[in-house]
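Colleague: I'm new to this one. Can you put it up and walk me through a few parts?

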Amino acid sequence: MRIGDAAAAAGTTPRALRFYEQRGLLTAPPRTATGQREYGPGEVARVRIIRELLSLGLTIEDVRGCADRLHLLDGDTLPPRGGPGCSTASGVVERRLATLDAEIARLSRLREQLATRAGLKEDAKTA
């Protein structure tokens, strides 16, 4: 399928596909006689995984670092904790989880302070 169809199937744009190719997340697809990119179902699935990982807060560099280990983007899920890949080889997932935990703690403290200030301390415990 052509780049526009592949992008639509993956829920993104042709520009994003070209960007992922430039950043090394997608290999350059074969081209037609007229030079147009031709994508298959494997590339569409890979782009969906890339987008999912990015939506979870990983950066392009994080995803590329993980992808370089054991072809992470060719599967359905991240490697299990303690297994090879992102979780142990580079610590990408652990660092992201620690960042999220810190942000959750910060927001919880902020919420508690606001509830106390507004006299809604009881409601803060039940929310």
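Modeller: One term to begin with: buried means under 20% relative accessible area, exposed over 50%, and partly exposed in between, with a 1.4 Å probe and protein chains only. This is a predicted model, where local features need pLDDT of at least 70, side-chain atom pairs count only at pLDDT 80 or more, and totals for chains, interfaces and linings use all residues. Residues are numbered from 1 along each chain as its sequence is written, and side-chain values use heavy atoms, with hydrogens and water left out.

Colleague: Is Tyr20 buried or exposed?

Modeller: Tyr20 is buried, because its relative accessibility is 6%. Tyr20 sits in helix α2; helices here are DSSP runs (H or I, at least four residues), numbered from the N terminus.

Colleague: What is Tyr20 in contact with, leaving aside neighbours within four places in sequence?

Modeller: Leu25, Leu26, Val47, Ile50, Arg51, Leu54 and Ile60, where contact means heavy atoms within 4.5 Å. For Ile50, which is 30 residues from Tyr20 along the chain, the C-alpha separation is 8.7 Å.

Colleague: Different topic. Where is Leu97, and how exposed is Leu97?

Modeller: Leu97 belongs to helix α6, residues 92-117. Its relative accessible area is 43%, so Leu97 counts as partly exposed.

Terms used:
Helix = DSSP H or I, 4+ residues; strand = E, 2+ residues; numbered from the N terminus.
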